[in-house]
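Opening the notebook on this one. I want to go through the strands, the pockets and the cores in turn.

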Amino acid sequence: MKFARPFLLGLILAGAFYWYTTHHSGVTPANWISRPTHVELSEAAGPPTLDSEEQNNIEVYRKAIPSVVNITSKTVAYDFFYGPVPQEGQGSGFIIDKEGHILTNYHVVGDSAQVEVTLHNKKTYKAEVIGRDRGHDLAVVKIDAPGVVPAVLGDSKNLQVGQKTFAIGNPFGLAGTMTRGIISSLRPIRSPEGSYIEEAIQTDAAINPGNSGGPLLNSHGEVIGINSLIATGGSNQSAGIGFAIPINVAKAVLNDLITLGTVRRPTLGISTLLPIGPELAQEMGLPADYGVLIVRTIPGGAAEQAGLRGGNERAYLGNAPIMIGGDLIVAINGDPIGEQQDLANVMNKHRAGDTVTVTIYRAKRKMDVKVVLGEARERT
């Protein structure tokens, strides 16, 4: 009992001190005994700061996405048992001018009679297929829509392995999807129709079914390629190896696609060529150990009209009969020609009606022959 009074007195004094500090010092109990919580600090500081790479990703997407479209093509296949069977395919594309022209892949639209385009604003329009370039897997469709936003077409001439790439499209029907990667390589590839595409852009940006026809972009949001092919390893989805057609390949034929509906692809007018290597050149007694030997020209074609000659002597290559004695092409416009692919690469740089200088050996004599390129017939 002797401790009761001092304890009571201490309790009274403590209460008085608490009342005085809270009412006369301007300090509330919460402020006095604690610091702001982590949540309070975050709210005061605002949203987290984005780094420069994240900002670039966002800028590219905002710049490009209004120009990217989803494309639906509808065809009718005929089944032996069921008769007409409607089929539907999906892909991507991008607007290239204010008139509503859209660039995509040929294999996205094919020979479809009915094509629909859905813009970024979710509005859908019927589209007309204006032009097809089956050889290089390109097509142009057109819509009549107000206020369309064209993409900015870049330059694919001086691309470097290691540059950042962005792919935007409609993979697996997921509209407006962007993926990011780098240019993994620049290499020739064969299109679905069998033509070679020189310096196709290989990228590890995820490209999946539905991305076809969509843009491959650089870090400035400019289109450098048209996403077209993927190596899947049998899984039918991205394996980190995708390919895009260089935008310069498309720009070279856009005018033909829009105005003519097809591409006036050039040809030398030679039906059969024989690639020559050192061993074959030595065996045949040719003056150069590389080139392509003209076996047969097309009657009335560009090569024949320019005076180039095919073979005139029957021989055998293994068990196969061939005609030898024709002109040996070793260069065109100074670019060495060692195989048919080299010839195809040169043709991709020109249009029908262009004049090229073909360097040949006729027997032992070296000559330059001017050839006006003809127009190749579209394969059907």
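Entry 1, a strand pair. I started with Arg-314, which stands opposite Met-323 in S17. This is a predicted model, so I read everything below as computed. S16 covers residues 313-317 and S17 covers residues 320-324; the two run antiparallel and are joined by five bridges. What links them at the end? I found a hairpin with two residues between S16 and S17. Gly-318 sits in that turn and has a positive phi of about 70 degrees.

Entry 2, S20 and its partners. I asked how many residues of S20 (residues 355-362) are buried. I got seven of eight, so I noted the strand as mostly covered, with buried taken as under 20% relative accessible area. On one pairing, S20 meets S18 (residues 328-332) in the antiparallel sense, with four bridges. Ala-331 stands opposite Thr-359 of S20 there. S20 also pairs with S21 (residues 365-372), again antiparallel, over eight bridges. In that pair I picked out Ile-360, which stands opposite Met-367 of S21. S20 and S21 make a hairpin with two residues between them. In its turn I found Ala-363 with a positive phi of about 60 degrees.

A reminder to myself: in soluble globular proteins, nonpolar side chains tend to be buried together. I looked up the largest nonpolar core here and it has 27 residues. Phe-94, Leu-103, Leu-138, Leu-217, Ile-226 and Ile-247 have the most contacts inside it. Several elements give two or more residues to this core, among them helix H4 (52-64), strand S6 (138-142), strand S11 (223-231) and helix H7 (254-259). There is also a second, separate core of 21 residues. Its members include Ile-270, Leu-308, Ile-337 and Met-367. I had already written down Met-367 as the residue opposite Ile-360.

I counted 33 lining residues, of which Arg-265, Pro-266, Thr-267, Ala-344 and Ala-376 lie nearest the centre. Strand S13 (266-267), strand S14 (270-276), helix H10 (340-348) and strand S22 (374-375) are the elements that give two or more residues to the lining. Which element gives the most? H10 does, with six residues. By class, I noted twelve nonpolar, 13 polar and eight charged residues in this lining.

The elements giving two or more residues are strand S9 (196-203), helix H6 (247-251) and H10. I flagged H10, as it also turned up in the lining of the largest pocket.

I finished on Pro-146, in the loop between S6 and S7. Is Pro-146 buried or exposed? Its relative accessible area is 69%, and the cut-off for exposed is over 50%, so I put Pro-146 down as exposed. I also checked Gly-100: its C-alpha atom and that of Pro-146 are separated by 8.5 Å, with the two residues 46 apart along the chain.

Note on methods
Residues are numbered from 1 along each chain as its sequence is written. This is a predicted model: local features need pLDDT of at least 70, side-chain atom pairs count only at pLDDT 80 or more; totals for chains, interfaces and linings use all residues. Side-chain values use heavy atoms; hydrogens and water are left out. On a 1 Å grid over the protein atoms alone, a cavity is a set of points where a 1.4 Å probe fits but cannot get out, and a pocket is an open set with protein on both sides within 12 Å along at least five of seven lines; lining residues have an atom within 4 Å of a point. Ala, Val, Leu, Ile, Met, Phe, Trp, Tyr, Cys and Pro count as nonpolar, Asp, Glu, Lys and Arg as charged, and the others, Gly among them, as polar. A nonpolar core is a set of buried Ala, Val, Leu, Ile, Met, Phe, Trp, Tyr and Cys residues joined through side-chain atoms within 4.5 Å. Buried means under 20% relative accessible area, exposed over 50%, partly exposed in between (1.4 Å probe, protein chains only). Two strands pair if DSSP finds at least two bridges between them.
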